[in-house]
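Try each task on the structure before reading the solution.

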Amino acid sequence: MAARRNRLAERRIALGYSQEGLAEAVGVATSTIVRWEAGRATPQPYMRPKIARLLKATPEELDSLLVSSPEPIVQPPVLLADGDPDDMLRRDVLALIAATGALIALPGTAAAAEPVGGARPRSADAATVLWQAYRLADHKRDVEPLVRQQIARLAESLARPLSGSERLRLCSQGADLYQLAGEIAFDANRYEVAAQCYTLAASAAKEAGAMDMWACALTRHAFTYLYDRRPAGAVPLLEAALRIAEQGDPQLSTRYWVASVQAEAYAGVGDADECLRALDQADQVGNLSGEFQNGGWLRFDGSRLYEQRGVCHLALGHADAAERYLSVAVHQGLSARRQGAVLAGLAELGARHRDVDRVVHYSGAALDLADRTGSGYIVRKLDSLRGPLAPLMADPRVSNLTDQITYRGAAS
């Protein structure tokens with residue numbers, strides 16, 4: 001995957017050029033500027049003096065502007081650290097993950113007796129409160145300090161002698177907490193640290209013998225591949241997750257959630273038959289009754305299937321079906337993150353139909369949502385519109401829109 005030339009785009013914007021305006025000044029197509037800034041093409045040597053003059057740069061400065069910047073997904077993750085991100089040390093966060101993982105993996109030393117006394121909250125209670133706080137928070141990062149505090153306490157508890165039942169309880173707590181930690185990182189586009197959290201969550205759930213929680217951790221890990229636009233990497237993880245879920249509680253919706261995510265992976269690799277089969281399997285969640293999801297690490301109840309069907313059909317190139325499902329999903333009261341994904345999908349459909357009014361309407365709504373929630377995930381979804389928008393760059397509204405997405409991407 002090409003890395004973006006963020007500094008080139010920033011210099012252009014600072015000098016007041018839209019992508020269309022710079023293209024006209026240089027004498028190239030707008031799509032050429034898009035490719036230069038996306039890192040998919042490089043200006044020919046004979047063009048560089050003119051570009052340097054327009055961007056008020058020396059030849060050496062232009063060379064530095066043309067150096068690709070890392071994609072947001074590989075920025076040093078700062079999940080679960082307090083204070084200003086610029087002052088945080090990545091190794092502190094990773095050390096906490098590594099320490100907890102090592103304590104979970106090591107054989108436990110049995111205590112002489114069950115622990116008595118103490119006012120520690122039950123793990124399920126603490127995790128439930130944190131998941132609720134996460135769902136209600138406008139800015140998901142607000143929950144980070146609380147999650148970090150709980151993980152630090154978990155590591156302390158794992159380091160002392162434990163009875164068998166206490167160890168299983170703490171492993172289950174670790175699986176729960178690290179799934180939530182991964183969600184926070186995922187929302188901020190820090191897929192590297194999210195993947196590490198999900199991997200540890202899966203290991204802890206396996207140790208605890210919690211099959212459904214284990215399957216959910218693997219499914220969340222698969223999402224990091226889907227939204228890094230590498231769906232082939234998600235397929236084997238989801239196949240393993242489904243096998244594990246089939247050994248779990250048949251009254252829970254785990255296997256149906258796995259199937260719904262499998263559908264997105266199959267759509268991403270272009271396998272329409274497997275995609276539709278998985279969607280039909282996910283739809284069977286409607287046959288369950290009672291408490292089939294817990295509101296924490298398992299929240300699938302089938303209400304998102306319109307959105308997921310729309311996303312799948314969009315990936316498969318079935319524009320009419322995608323529009324039918326996404327048009328329903330946008331009014332379903334989804335979470336901010338899911339709503340942003342639906343709006344981005346509708347904007348992409350507008351781009352495919354060359355309907356600029358529609359593109360601007362839905363993209364603008366998604367940008368407003370990203371601003372209100374601070375969600376890097378929504379910005380990432382909007383960034384995927386650059387390709388579909390390239391043929392429309394002659395319209396100044398589209399050019400302005402891509403500039404706004406660039407700004408948000410740099411901030412996130």
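A search of the whole structure finds 21 salt bridges, a salt bridge being a side-chain nitrogen of Lys or Arg within 4 Å of a carboxyl oxygen of Asp or Glu. The model is a predicted one, in which local features need pLDDT of at least 70 and side-chain atom pairs count only at pLDDT 80 or more, while totals for chains, interfaces and linings use all residues. Residues are numbered from 1 along each chain as its sequence is written, and side-chain values use heavy atoms, with hydrogens and water left out.

**Exercise 1.** Determine which residues of helix 1 are buried and how they are placed around the axis.

Solution. Helices (H or I, at least four residues) are DSSP runs numbered from the N terminus, and buried means under 20% relative accessible area (1.4 Å probe, protein chains only). In helix 1, residues 6-14, the buried residues are Leu8, Ala9, Arg12 and Ile13. They lie on the same side of helix 1, because they cover an arc of only 130 degrees, taken from the directions from the helix axis to the C-beta atoms. After helix 1 comes Gly16, with a positive phi near 85 degrees.

**Exercise 2.** Identify the salt-bridge partners of Arg12 and decide whether the residues involved are buried or exposed.

Solution. Begin with Glu37, which meets Arg12 in a salt bridge at 2.5 Å, N to O. This pair links distant parts of the chain, since Glu37 belongs to helix 3 (residues 30-38) and Arg12 to helix 1, 25 residues apart. Next, Asp403 also forms a salt bridge with Arg12, with the closest N and O atoms 2.9 Å apart; here Asp403 sits in helix 21 (residues 396-411), and the two residues are 391 residues apart. Finally, check accessibility: Arg12 is buried at 0%, Glu37 counts as buried at 4%, and Asp403 counts as buried at 10%.

**Exercise 3.** Find which members of the largest nonpolar core touch the most other members, and trace the contacts of Leu382.

Solution. A nonpolar core is a set of buried Ala, Val, Leu, Ile, Met, Phe, Trp, Tyr and Cys residues joined through side-chain atoms within 4.5 Å. The largest has 107 residues, of which Val147, Phe186, Cys275, Leu382 and Leu389 touch the most other members. Leaving aside neighbours within four places in sequence, Leu382 is in contact (heavy atoms within 4.5 Å) with Ala344, Ser363, Ala366, Leu367 and Ile405. Another core, of 16 residues, lies apart from the largest one and includes Val26, Val28, Ala52 and Leu62.

How values were computed: Buried means under 20% relative accessible area, exposed over 50%, partly exposed in between (1.4 Å probe, protein chains only).
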